[in-house]
Amino acid sequence: MDPLPVVTLAVVALCFLGSVDSSAYDKIVTHSRIRARNEGPNVCALQQVVGTKKKYFSTCRNWYKQSICGKKATVLYECCPGYMKLNGMRGCPAVAPIDNVYNTLELVKATTTQRYSDMSNLRKEIEGPGAFTVFAPSDDAWEELSPTARSALESNVNVELHNALQYHMVNHRLMTKDMKNGITVTSMYNNQGININHYPNGIVTVNCARIIHGNQMATNGVVHVIDRVISATTSTIKEFLDTDESLDEFNNIATIAGLMDKLDKPGHFTLFAPTNEAFTKLPLLKQTRTLVNYHLLNSVQCAEAIMAGSFYETEEGSTIEIGCDGDSLTVNGIKMVLKKDIVASNGVIHLIDQVLIPDSAKEVRELMGKSQSTFSDLVSEMGLTSSLSSETQYTLLAPLNYAFTEEVMAQDESYLKLILENHMLNLKISLRELYNGQLLETLSGKLLRVFIYRTAVCIESACMVKGSKEGMNGALHLMSSLISPADKTMFELLDADGRFKTFLSLMETAGLEDLLRQTGSYTIFAPTDEAFEVLSKEDLDLLKSDLNALRTILLYHFSEGIFINGGLEPKVTNLLKSLQGKNLQVKSENNSIHVNSVEVPDSDLMATNGVIHVVKNVLYPADLPVGSQDLLMVLQKLIKYIEIKFVSGFTYTEIPLTFISPKTKTTIIEEQPSVTTFTRVIEGKPTMKQVTRVIKTESTVPKVVVEGDQSTKKVTRVINRPPTGSKGICCSQEGTR
């Protein structure tokens, strides 16, 4: 039998055993093979950072961006691990010969490691029987070792060099699939541990050295080529901090914060340790524990595993972005890492020249960025900064710069100041504390309603954009537009507008006018007079003559709950159940609304009891027939977007008006000076202000006789009550979908 197939079968058999549960490394190699399939069999596509020797089996993101760590990367085609070229043949058709570990080192071009094995009398061991794993530094890795360290190894080959090489060895076979993230394997040097990390992007590190050529099978083990020489480490992160004088300042505050005990125990940590010089750039620091925990990750992030920016949660609870710019590691987009990959027994340390300040250690005003600079500047110009001291709790609802149009900026100073005050709350309200129906009291004394939708959180008609933050004395929420507190009912808005005379007349005829006046939360698609101009007086009289028909048509324009444009899930059909009973089909796209395919030219007119969307067509349920030919003709004039069905004899059923509050007549019998008592009670936890206003009026001054409901009504307005699962007394509504 030809020897090559035998070798092939041996390698394939071993690889098959290891392919049952492939690792991220194996998958990225497979993807690289697919990308290079046009180059011939067993060819892998790699990316090399321009100007360096660094090569990667790249992730999809880096592949399509054609860059790694922000630097241009060129594509190379090489034989996949375990395969070789043959003269005159395309691709890499030959399986690499399988030999002992010593000879395999030459095959993978780790010739310096092979030579050092000769010099240190290790050759006999790695040529002999056994199952070894060798993490072999590449020739470039040995060149990068400091001359002093390398000279020390070469001058004592039987001890220092031998021990160093044995630290790169494990006495059993480890394929990349066996290298689970966070494990520690025992080396052949004094049983010292080697820390393994296996990242989702396919990179595998050993003591933060990257495997650049893995899984090269040998008859007595496996060889993985790594990009640096690793050394044994027994010190914990705490012990490193204790011995490095350049980190005394951080060591002191970490001790005060009670973090040092944690850093002395087993774990998998990444510490960004600021040098003493970094602390000289800062004023007196507050919230020491918060500050220290912001520098610590509960995972190991080696520099060689970072190919692009990613966010990681800190022990403080918020996130930081770790990225790279060429060979430099970046934190939150800034090059600040002085020295990277200092390996400890319980993690890795990166030295940085800046102290990282989390949002939770900053005042709220400091959290505002460039996109809210107009709001920030106006707050200062209008003299409102005194309300935002570090000693007070507050929340800023900061509109983005584009919300301040020329028209807004042209307003007089007093009006601008009022606008700003309506975006400031005298208490801290975090994003997780907001709930549907909540009332927030502004600095100006106005009440703002909170609406929670499936994909949005909105305050009045302004919705939040991504980027809410919490500072040490409050919260910041970014708003897509200016917030305007509602101060008129739906009836008052429609009546003052002047475009809805016919609609209001029909509502009055139908006995539905109180729906527009009463307390509640409604969405209305209000048709303008233009929608009715095709009707004659006779047509209108006919429409008014059938009360059930009129109510059916009008109530189809109403839905319970407040649904604004920003609260609708975009590019899909949102079903809103009308008060008539049938669904309205509402779609939001490109910042405009369509209801039942009818355009809404004007939306989000906020009232104290709902929101108005303007339509120029009368709406009608598509599956509801008409039983009168005369009424059918009237409706056909009004409604063009659907074909209304006719069913002879069909009559409209009566709709119970249970959603309209009964009228209460009030007659003044005796007029005397009124006495009004105001009681303001402030309760709650220190971080949440609960305000209850109880307004009492003595029943004899003036004397009031109520006809109808004789029960006593007590009105309690609760601002910022914590959600308990029960509905509020006067301000709850269904605003979610």
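## A pocket and its lining

Strand β12 gives five residues to the lining of the second largest pocket, the largest share from any element. Strands and helices here are DSSP runs numbered from the N terminus, with at least four residues (H or I) for a helix and at least two (E) for a strand. A pocket is found on a 1 Å grid over the protein atoms alone, as an open set of points with protein on both sides within 12 Å along at least five of seven lines; a cavity is a set of points where a 1.4 Å probe fits but cannot get out, and lining residues have an atom within 4 Å of a point. This is a predicted model, in which local features need pLDDT of at least 70 and side-chain atom pairs count only at pLDDT 80 or more, while totals for chains, interfaces and linings use all residues. Residues are numbered from 1 along each chain as its sequence is written, and side-chain values use heavy atoms, with hydrogens and water left out.

The second largest pocket has a volume of about 1,200 Å³, a volume being the space filled by probe spheres set on grid points that are joined across faces, edges and corners. Its lining comprises 42 residues, and Lys55, Glu78, Ile212, His213 and Val225 lie nearest its centre. Elements that supply at least two lining residues each include α2 (24–35), β4 (71–79), α7 (139–144) and β12 (209–218).

## The chain as a whole

The chain contains 22 helices and 41 strands. Of its 737 residues, 47% count as buried; buried means under 20% relative accessible area, exposed means over 50%, and partly exposed lies in between (1.4 Å probe, protein chains only). The accessible surface comes to about 35,900 Å², and 50% of it belongs to carbon and sulfur atoms. These areas come from the Shrake-Rupley method with a 1.4 Å probe, and for residues only the protein chains shown count as cover.

A contact means heavy atoms within 4.5 Å. Among the contacts with a separation of 6 or more, 65% are between residues 24 or more positions apart.

## Nonpolar cores

In soluble globular proteins, nonpolar side chains tend to be buried together. A nonpolar core is a set of buried Ala, Val, Leu, Ile, Met, Phe, Trp, Tyr and Cys residues joined through side-chain atoms within 4.5 Å. The largest such core has 44 residues, and Phe503 and Leu635 have the most contacts inside it. Elements that each supply at least two of its residues include α17 (490–497), α18 (501–509), β29 (522–527) and α22 (629–638).

Leaving aside residues up to four places away in sequence, Phe503 touches Leu494, Ile524, Ala526, Pro527, Asp529, Phe532, Leu554 and Phe558. A second, separate core of 28 residues includes Tyr56, Ile320, Val331 and Leu356.

Four strands form an open sheet in the order β2-β1-β4-β3, with antiparallel pairing. Two strands pair if DSSP finds at least two bridges between them. The edge strands, β2 (55–56) and β3 (67–68), each pair on one side only. Strand β1 (residues 43–49) is joined to β2 by two bridges, and Gln47 has Tyr56 in β2 as its bridge partner.

Tyr56 also belongs to the lining of the largest cavity, together with residues including Lys54, Cys69, Asp327 and Lys340. This cavity has a volume of about 70 Å³. The count of cavities of 30 Å³ or more comes to four.

Where does Phe311 lie? Phe311 is part of strand β16 (residues 310–313). Phe311 counts as exposed because its relative accessibility is 59%. Strand β16 pairs with β17 (residues 319–325) in the antiparallel sense over four bridges, and Phe311 stands opposite Glu321 in β17. The two strands form a hairpin with five residues between them, and Gly317 in the turn has a positive phi of about 115 degrees.

Strand β25 (residues 447–452) is mostly covered, with five of its six residues buried. Antiparallel pairing over three bridges links β25 to β24 (residues 439–441), where Leu440 stands opposite Leu448. The hairpin of β24 and β25 has five residues between its strands, and Gly445 in the turn has a positive phi of about 95 degrees. Strand β25 also pairs with β26 (residues 457–459) over three bridges, and Val450 has Ile459 as its bridge partner in β26.
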